[in-house]
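Subject: Structure handover

Hello,

Here is the structure I promised to pass on to you. Have a look at it first, and then read on for what turned up.

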Amino acid sequence: MAEEQRHREDGGGVATAKETLSVTDNRTGESYEVEVDDGTVRAMAFRQMKVSDDDFGLMAYDPAFTNTASCRSSVCFIDGEAGVLEYRGYPIEQLCEQSNYLEVAYLLIYGELPTRDQLDEWVFEITHHTYVHENIKKFVEGFRYDAHPMGMLLATVGALSTFYPAANRIDDPEERHMAGVRMIAKVPTLAAFAYRHNLGLPYVYPDNDLSYPGNFLSMMFKMTEVKYQPDPRLERALDVLWILHADHEQNCSTNAVRGVGSSRVDPYSAVAAGVAALYGPLHGGANEAVLRMLDRIESADNIPAFLEGVKKKDEKLMGFGHRVYKNYDPRARIIKKHVDEVFEVTGRNPKLDIAVELEKRALDDDYFVERKLYPNVDFYSGLIYEALGLPTDMFTVMFAIPRTSGWIAQWLEMVQDTETKIARPRQIYTGERERDFQPIEEREQRVDPPTGEAATSTIDPTKR
Ligand code: ACO
């Protein structure tokens, strides 16, 4: 870039075209020039800033990674202000209109849309890897009848690594490919087994004649019929939901997959870490909370009082707001269109009327407008899952199935990135230093206060 001076209208000041940051350390008076690359500075550039020779150097502190890019990625693009979501550059709206989940999974993993031959081969591979080893079935049988299906999924995805030990050869492209195929193929089988285990129903084996979502519906809901015939409208709605949930750049579970995978563990173990992160209520569990909220509101007449409570901060409007989207979540707009199609098959759920009215009133209200609070992906997805007859425990599992392709795409990118090192953050140490060990007879008894505040590390021996 030319080294000329130019005025910046937006910043109001004078800036040079130089892609650097000048930093003066007021502790020492020293000045440094730090490179700005892709709108970021390297945290390591601050390490040279020291107050003395034996000083460790300056670190960046960012406990929730709210302003730290942890990688370069070309998988998923989000512009939260504009409400834009793209996979590999393709707008989510076009993918939902014109593609299907397995094609999107290929796109996420390999970076380009497949040709007809490539897609046929991909679908054939996935379809022919949906069976799981019979021992996995026994493993699922070992869980309590009421085990949470997400806990069962987490354990069985991790257990797959023991059935495919060669997957730890992560430098072998063929092994990497097969691990991806196996996980995308088997996760729906594991999810359906977990569901049927809870109900005490026999497991249904995959049916290769059916589509990816159609086969899932069969494994979930087939009873005595010789052949399960999924309703095409439900198949399509599920396929669209899965496209929408396939990836969302560096969210909590993807960060878990990358972090664990950076130790060069096999991909099954890395993806199991993603399932664990998604299990948490702050990540995968919001759609359940939306349904509970709609149940409590009970009728459209109660909406004004409910919104008043939200504005008084007595509670939250679940399914509204997003850390990244400060505009309508594009996924919510697409899901909303498919809700009616699903209800055509399953019968109308009165909660939809409450949800639609609630959305309308909130979007007309200054409180939500000023805070840029719009419906997110979870506002309507729970209604679809409930209409499909799924218990709320299964909602997060329904998220994990499609997110598997995103986790794999991000894991593949991470292991092939020459900048990847084992993820190992620093800390600001706040504990004691250089204490001399005390023999047990000489230790003072200190009891932790009930609040845990100012807790000591000493255990009260009388309470043992
Ligand atoms: N209902 C009412 N008020 C809200 C809501 C909400 N759902 N979300 C945010 N606000 C308010 C906050 O109270 C705050 O108000 P203030 O400025 O008066 O203090 C303001 O809007 C800004 O909110 P933040 O908390 O700063 O937003 P943040 O980005 O930290 O939170 C989050 C995002 C966690 C998603 C939040 O909007 C929320 O809790 N929403 C409800 C839960 C939900 O639907 N989660 C699903 C997200 S999508 C997904 O994970 C797949």
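Which residues do ring pairs link into a cluster? They are Phe-320, Tyr-367, Phe-368, Phe-379 and Tyr-380. Please keep in mind as you read that this is a predicted model.

Let me stay with the aromatic rings for a moment. Searching the whole structure gives 19 aromatic pairs. One of them is formed by Tyr-101 and Tyr-212, which are stacked, with 5.4 Å from centre to centre and 25° between the planes. Tyr-101 belongs to helix α2 (residues 101-110) and Tyr-212 to helix α7 (residues 212-221), so this pair ties together parts that lie 111 residues apart in sequence. Are these two tyrosines buried or exposed? Tyr-101 is buried, at a relative accessible area of 0%, and Tyr-212 is buried too, at 11%.

Helix α7 also takes part in another pair, through Phe-216. The ring centres of Phe-216 and Trp-242 are 5.4 Å apart and the planes meet at 65°, so this pair counts as edge-to-face. Trp-242 sits in helix α8 (residues 232-244), and the pair links distant parts of the chain, 26 residues apart. Phe-216 and Trp-242 are both buried.

- Lys-316: a side-chain N or O atom is 2.6 Å from a ligand oxygen.
- Gly-319: a backbone N or O atom lies 2.9 Å from a ligand oxygen.
- Arg-371: a side-chain N or O atom is 3.0 Å from a ligand oxygen.

How much of the ligand does the protein bury? Taken alone, the ligand exposes 930 Å², and the protein buries 69% of that.

Finally, a word on a sheet. Three strands form an open sheet in the order β6-β7-β8, paired antiparallel. Strands β6 (76-79) and β8 (90-91) are at the edges and have a single partner strand each, so one side of each has no neighbour in the sheet. Between β6 and β7 (residues 84-87) there are four bridges, and Cys-76 stands opposite Tyr-87 in β7.

Methods: Residues are numbered from 1 along each chain as its sequence is written. This is a predicted model: local features need pLDDT of at least 70, side-chain atom pairs count only at pLDDT 80 or more; totals for chains, interfaces and linings use all residues. Side-chain values use heavy atoms; hydrogens and water are left out. Two strands pair if DSSP finds at least two bridges between them. Helices (H or I, at least four residues) and strands (E, at least two) are DSSP runs, numbered from the N terminus. A polar contact is a pair of N or O atoms within 3.5 Å; within protein, one must be able to donate a hydrogen and the other to accept it, and residues adjacent in sequence count only if both atoms are side-chain atoms. Accessible areas come from the Shrake-Rupley method with a 1.4 Å probe; for residues, only the protein chains shown count as cover. Rings of Phe, Tyr and Trp (its six-membered ring) pair if their centres lie within 6.5 Å; planes under 30 degrees apart count as stacked, over 60 as edge-to-face and the rest as tilted. Buried means under 20% relative accessible area, exposed over 50%, partly exposed in between (1.4 Å probe, protein chains only).
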